[in-house]
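Reader: Hi! Could you walk me through this one before I set anything up?
Author: Happy to, here it is.

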Amino acid sequence: MRRHVLHPVLAALALLYLAAMVVSGAMPVQRQLVRFEAKGLLKRVPEEVKRVELSRGTRRVTLLRAGETEWVTPDGVNIGAAGLQVSKAVQIMHNSGPVREIEAAGLVGSDPAPFGLDPPRLSVKLYGRDGDLVLAASFGEFNPEGYLQYMRIDGNPRLYLMSRFVGGEWAEVMTGAEAR
Amino acid sequence: MEHPELDWNALLWAGGWLAAVLVLFATGLRLPLQTGLAGWRGRAYSAGVILIAFGAAVLANVALHLHDVHFDLTREKVYTPSGAAMRAIDEVSREVTVTYFYRSQDPAGRRARDLLAIMARRNPLLKVVAVDPDRDPRLAREKAIQIYNAAVVEAEGRRVLVQGTDETEIAIGIQRALRGRAITACFLEGHGELPMDNFEYHTHLESGAGHSHDDASSQVVEMPGHGAGRLRRALEAQGYEARKLILATEGDVPAACTLLIAANPRTTFLPAESAALRAYLRRGGSALLLLDLGFVLEPGLARLVAELGVRPEQDVVVDPLSHYSTNPEIVAVTGYDPHPVTRSVSLTFYPGVRSITLLPPASDLRVTPLLLSSRDSYTRPVKPVASHKVEPDSTGEKDAASPPVSGARVLGVAVEGRLDRDAEPMRAIVVGDSDFASNSFFPYMANSDLLLSVARWLAREERTTAVAARVPVPPLIALTGRQSNAVFFMVVVAMPLLVIALGFVVWWRWR
């Protein structure tokens, strides 16, 4: 190739290469600009949960949504300020993802009793607008470290380790309902 | 990190195995599919081929399993246990169980698990159980484990908990579990010694002309304000207990003190303290005496040290040939005569070390010079600090005027034997410097190796493999004066001049 053609071709190739880098690249992720992403196992938006059923031991509690932070019993009694905590617990189920997931194959040979899921410490069932079951979760014991809590989803063989605050919110809702 | 040499024996077995498998595979490919045999002969041929192939596969697997070999192709040998840890495992003579609790998502935890598995294959007496506590919470609760990356070492009813992912620390934990006796290092205090609770350190080297650590009459570096906390931590990592000992109040060295460390006493001992130290050594005790410049020995202590066959001189060793950094008063020792203490020690250095004169020791004592300066070294007298003076020193001025005589100087000795006929066998090490044991110099070069080796010898543990836990230090680049000048010249002079010169060339061509 002649010298007077070579340089423009090389320059054009260099420009093309830079353009390809621009097209194929991605903006560096800066932690302070990370977009919020709900990672909870409750995939539907919290507002779509219209009924909550909690059970601990022999006690059962059912609550129906009456507003954004208002919940009533099946008898129509408004639980007042405690409704805010129910909404918060649903919100956390939507936002807070599992810290760890253990596949069923990874549990072969393990003793399931220490997980505390049979029977569970606390069960939560969330229903949608049409009365369809959105999510049924069982909370068990804390892990040996004490910061996480075992959780299982009905119909899902995986074992989840959730922040203990997730189950803790539901436990407080249950304790409040029992006190009423 | 120290790594074992390549295991050529295992490598040869593995190479031979690979060759054998390839030969068998090539032979199998040459076997005729159509033999022309009819009836039962044909079926017998097919069954025979299948059986032989199956048998060869089983044989190959069993052979490989019994000649397990591990290749670590990473440059840093990330997946290979350190040589010291492996040697410690080789010495395990009784059954030890290590239960390692790790999080399987954590790469460091997985690495530690793999290294432990390699160590377990080395010695069948070492049983390793790796547990993810989230998957097996029962075992974690049984062992009272609430953290990840923790090893529970159990041997003969003793239990040692090691936290972390460093296999050398787990190997030390195994040694601790098997030791069966408590070793206590008593740090002498009350005379201005380096405190064992002090972790202050400097990351730079300085001479007397710069930072003020020194005796005013010398260029030597001393660290009177710093401690021996790093030495203490290193001893504790070996499973030793550390405690303070103030002789003036306790009156006697407790029997629990396996070894006594006097690191840089500055004020003179009381006669009763010297007597207590002598009584301790007569009972078969072990002492590390780091007697720095400026310390004046009380007559009773001077007599005891003379019985040990040494006399610390009031002078500083200057070594123009073998020194660390650019300061000839930081004497470096690169070679040692054979002794259990210095068996695996490389370069050590001593900022501001006083020389030691060898005297005839008490009858049953053996004195071995451990540390020697180079043949080019000489000494320069240093006046004792006035407040430390016990007797008038009339020799200082005269010695200062005399020309220096070059020759190797003794910097440290090991003493072993009985102080008198009725005494128990004792051990002692006397060094004319303490700065090398201070926090500022302990982690560098082989100073920590030497001090740990000293402690192990004094504790009569020299037969077991030394596994030293790592001391985390900030990265340090040590440059000689010439290198510093070269860096300055390149960055401050040469590079700007180069830019100017290039600019001038471009301007000249475009002009």
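**Contacts between the chains**

Author: Between chain B and chain A there are 3 salt bridges, a salt bridge being a side-chain nitrogen of Lys or Arg within 4 Å of a carboxyl oxygen of Asp or Glu. Please keep in mind that this is a predicted model, where local features need pLDDT of at least 70, side-chain atom pairs count only at pLDDT 80 or more, and totals for chains, interfaces and linings use all residues. Residues are numbered from 1 along each chain as its sequence is written, chains are lettered from A and ligands numbered from 1 in the order in which they are written, and side-chain values use heavy atoms, with hydrogens and water left out.

Reader: Thanks! Which residue of chain B forms a salt bridge with Arg100(A)?
Author: Asp132(B) does, and the closest N and O atoms are 2.2 Å apart.

Reader: And how many residue pairs are in polar contact between chain B and chain A?
Author: The count is 11, with both residues at pLDDT 80 or more. A polar contact is a pair of N or O atoms within 3.5 Å; within protein, one must be able to donate a hydrogen and the other to accept it, and residues adjacent in sequence count only if both atoms are side-chain atoms. On the side of chain B that touches chain A, the residues divide into 5 nonpolar, 3 polar and 6 charged. Here Ala, Val, Leu, Ile, Met, Phe, Trp, Tyr, Cys and Pro count as nonpolar, Asp, Glu, Lys and Arg as charged, and the others, Gly among them, as polar.

Reader: What area is buried between chain B and chain A?
Author: About 1300 Å², of which carbon and sulfur atoms give 43%; buried area is the accessible area (1.4 Å probe) that two parts lose on being put together, summed over both. Asp134(B), Arg135(B) and Arg141(B) supply 44% of what chain B buries against chain A, more than any other three residues. Chain B brings 14 residues to the contact and chain A 17 residues, where contact means heavy atoms within 4.5 Å.

Reader: Switching topic: what is the strand order in the sheet of chain A?
Author: The 8 strands form an open antiparallel sheet, β3-β2-β1-β5-β6-β7-β8-β4. Strands pair if DSSP finds at least two bridges between them; helices (H or I, at least four residues) and strands (E, at least two) are DSSP runs, numbered from the N terminus. In chain A, β3 (71–72) and β4 (100–102) each have a single partner strand, so one side of each is left without a neighbour in the sheet.

Reader: How many bridges pair β2 with β3(A)?
Author: There are 2 bridges, in the antiparallel sense, with β2 of chain A covering residues 59–65. Leu64(A) stands opposite Val72(A) there.

Reader: Last one: which peptide bond is cis?
Author: The bond from Asp118(A) to Pro119(A), with omega near 0°. Pro119(A) sits in the loop between β4 and β5 of chain A.
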